[in-house]
Amino acid sequence: MLIKRQPNGIDLPFSSEITPREIFESRRDFIKQLALGPIAGGALAEMALREAFAQTPGAQKLAAKQNSAYVVMDKPTAFKDATTYNNFYEFGTDKADPAHHAGTLKPRPWTIAIEGEVKKPMTLDLDALLKLAPLEERIYRLRCVEGWSMVIPWTGYSFAEIIKKAEPTGNAKFVEFTTLADKKQMPGLGSPVLEWPYVEGLRMDEANHPLTLLAVGMYGEVLPNQNGAPVRIVVPWKYGFKSAKSIVKIRFTREQPKTAWNVSAPQEYGFYSNVNPDVDHPRWSQATERRIGEDGFLARKRKTLMFNGYSDVASLYTGMDLKKFF
Ligand SMILES: Nc1nc2c(c(=O)[nH]1)N[C@H]1C(S)=C(S)[C@@H](COP(=O)(O)O)O[C@H]1N2
Ligand SMILES: [Mo]
């Protein structure tokens, strides 16, 4: 497979990974948007990739070396789609709300409290967080429980680095992540759609898995507010809601944390929420997904993969009935 090196250092799958349909669709879009005439295939694909990585003018760049062990070969979602189709209920429940309303979030200055069952409780500011470990770029699939998915180049490092630094005690069995809850910055908090603050959690071994990412950026820039600035967690083998945004507190606990979606609808959203095509949501199938950006009548439905394709994590669940612990 041909790999094309992009100016921002991101390796992208080229030609063989881009289906004729995708080429056709990008071409159609370009002709529409730019009123260009027919373009030769190679130049066209090149432009499609540039378009996919068109970023926010003036946004702060974040240098990071790509870690090729964590790069899926799917075509990355366009930056525009990844930043205008969001779930961030603190800013409203419509997909477009976060992009419209998250401008009131103040991602700097920012601190994260690390507490609970740790030998070294601490408060880290953003600079300390950015310096804690080398930043890496990783391209992950993210699959929402609602049946859509994206492919996003994140910047960050394994959450395991935080665990190492905080030195959990032998009593630490879980990690709880708490999102900021400030009515002045987050208009959605006025709605009782969820119990605030938004809380998510992982079992200790899940949190320690190298795939679990503490993300501070995407597409080579600092995180846009609507994607959870300035720091979020990304757990790629679980449904998207496990990946809490705009985190202010990380707490190591003995007991399984009470998580926002599980509290609001326990029969629909379990604590584990591993991507699993064999366990349907009570109101819809989880067997397939729609890749954002591939809409339209030509779009094929993608088969949802067990653990979202991250089969390495299977060993975390040996002996567990994943229909019971959904
Ligand atoms: N604090 C907070 N974190 C959150 C959410 C939220 O509403 N509030 N939504 C979750 C859901 S349902 C998904 S699918 C992902 C979406 O991340 P993205 O908008 O960056 O794609 O964020 C997750 N993290
Ligand atoms: Mo989601």
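Start at the second largest pocket: select Asn 87, Phe 88, Cys 144, Gly 240 and Phe 241, which lie nearest its centre among 27 lining residues. A pocket here is an open set of points on a 1 Å grid over the protein atoms alone, where a 1.4 Å probe fits, with protein on both sides within 12 Å along at least five of seven lines; lining residues have an atom within 4 Å of a point. This is a predicted model, in which local features need pLDDT of at least 70 and side-chain atom pairs count only at pLDDT 80 or more, while totals for chains, interfaces and linings use all residues. Residues are numbered from 1 along each chain as its sequence is written, chains are lettered from A and ligands numbered from 1 in the order in which they are written, and side-chain values use heavy atoms, without hydrogens or water.

Next, colour strand E7 (residues 148-158), which gives the most to this lining, with four residues. Strands (E, at least two residues) and helices (H or I, at least four) are DSSP runs numbered from the N terminus.

Now move to Glu 268, in the loop between helix H8 (260-264) and strand E14 (288-291). Is Glu 268 buried or exposed? Glu 268 is buried, at a relative accessible area of 14%; buried means under 20%, exposed over 50%, and partly exposed in between (1.4 Å probe, protein chains only). Show the side chain of Arg 283 as well: the side chain of Glu 268 makes a polar contact with it at 2.7 Å. Such a contact is a pair of N or O atoms within 3.5 Å; within protein, one must be able to donate a hydrogen and the other to accept it, and residues adjacent in sequence count only if both atoms are side-chain atoms. Beyond its neighbours within four places in sequence, Glu 268 is in contact (heavy atoms within 4.5 Å) with His 281, Pro 282, Arg 283 and Phe 326.

Then look at the backbone. Select Trp 196 and Pro 197 to find a cis peptide bond, with omega near -5°; Pro 197 sits in the loop between strands E8 (174-179) and E9 (199-203). Another cis bond joins Ala 229 and Pro 230, with omega about -5°.

Glu 167 has phi near 50° and is partly exposed, with a relative accessible area of 29%. Phe 307, in the segment after strand E15 (302-303), has phi near 55° and is buried, at 6%.
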